[in-house]
Amino acid sequence: MDDIKKRLERELNHTVQRIRHMGGVNMEELGGGRADNSPLADEVDVIRLNEDREMNFATRSLLVERANKLAEALERLRGGEYGVCEECGEAIAPARLRAMPEVTTCVRCQDRLERMLPRLEPVGAAVDVDEPEDD
């Protein structure tokens, strides 16, 4: 159990360090230092900067979510519930815990949960062109 605790703490510390390292958008990037002053270059720079910012936010969100899950795993370990599937109560396979130490479900239950999730339709797929929109 001590090895598991150390691994969870190490993973949590590494994840928190990555969140801190990400910080915000570098203000030097806003200026860009580019000699091209054409409007198209400015638009492309703004688009690139917005894409970078959105990727940064998405990555940061995923890292925060993982840090929370790792902290919860440490709490489960302290409570003697680590490695037990919260759905069926069976032991989670050690290989699964090594790959993702923060998991709370066994493979079978996770598969069942994912099958129960409603499928998301691609953007625009639910729009019927022939029907008028409601005002």
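Colleague: Where is confidence lowest in the protein chain, and where is it highest?

Modeller: This is a predicted model, and its confidence is lowest in helix α2, residues 27–31, with a mean pLDDT of 41. The highest value belongs to helix α4, residues 94–99, at 93.

Colleague: And what is the average pLDDT for the protein chain?

Modeller: The average is 81, and 74% of the residues score at least 70.

Colleague: OK, new topic. How many helices and strands are there?

Modeller: The protein chain has five helices and zero strands. Read from the N terminus, the order is α-α-α-α-α.

Colleague: What share of the residues is buried?

Modeller: Buried residues account for 19% of the 135 in the protein chain. As for the surface, the chain exposes about 10700 Å², with carbon and sulfur atoms supplying 53% of that.

Colleague: Which residues in the largest nonpolar core touch the most other members?

Modeller: That core has 16 residues, and the ones touching the most other members are Leu-8, Leu-12, Tyr-82, Cys-85, Ile-92 and Leu-97. Helices α1 (2–22) and α3 (39–78) are the elements that give two or more residues to this core. The largest share, six residues, comes from α3.

Colleague: You mentioned Cys-85. Is Cys-85 buried or exposed?

Modeller: Cys-85 is buried, because its relative accessible area is 3%, and the cut-off for buried is under 20%. Leaving aside neighbours within four places in sequence, Cys-85 is in contact with Glu-90, Ile-92, Thr-104, Thr-105, Cys-106 and Cys-109.

Colleague: There are some cysteines in that list! How many disulfides does the structure hold?

Modeller: The structure holds zero disulfides.

Colleague: Nice. Let's move to Thr-15. Which helix does Thr-15 lie in?

Modeller: Thr-15 lies in helix α1, and it is buried, with a relative accessible area of 2%.

Colleague: What does the side chain of Thr-15 reach?

Modeller: It reaches the backbone oxygen of Glu-11, at 2.8 Å. Beyond its neighbours within four places in sequence, Thr-15 is in contact with Leu-63, Arg-66, Ala-67 and Leu-70.

Colleague: One last residue. Where is Val-107 found?

Modeller: Val-107 is in helix α5, residues 107–116.

Colleague: And why does Val-107 count as exposed?

Modeller: Its relative accessibility is 53%, and exposed means over 50%, so Val-107 counts as exposed. The C-alpha atoms of Val-107 and Ala-93 are 8.1 Å apart, although these residues are separated by 14 residues along the chain.

Colleague: What about contacts across the whole protein chain, how many join residues at least 24 apart?

Modeller: Among contacts between residues at least 6 apart in sequence, 56% join residues at least 24 apart.

Notes. Residues numbered from 1 in each chain as written. Predicted model: local features only at pLDDT ≥ 70, side-chain atom pairs only at ≥ 80, totals over all residues. Heavy atoms only, no water. pLDDT = per-residue confidence, 0-100. Helix = DSSP H or I, 4+ residues; strand = E, 2+ residues; numbered from the N terminus. Buried < 20%, exposed > 50% of the residue type's maximum accessible area, 1.4 Å probe, protein only. Contact = heavy atoms within 4.5 Å. Areas by Shrake-Rupley, 256 points an atom, 1.4 Å probe, with all protein chains shown as cover. Disulfide = S-S within 2.5 Å. Core = buried A, V, L, I, M, F, W, Y, C linked by side-chain atoms within 4.5 Å. Polar contact = N/O pair within 3.5 Å; in protein donor to acceptor, adjacent residues only side chain to side chain.
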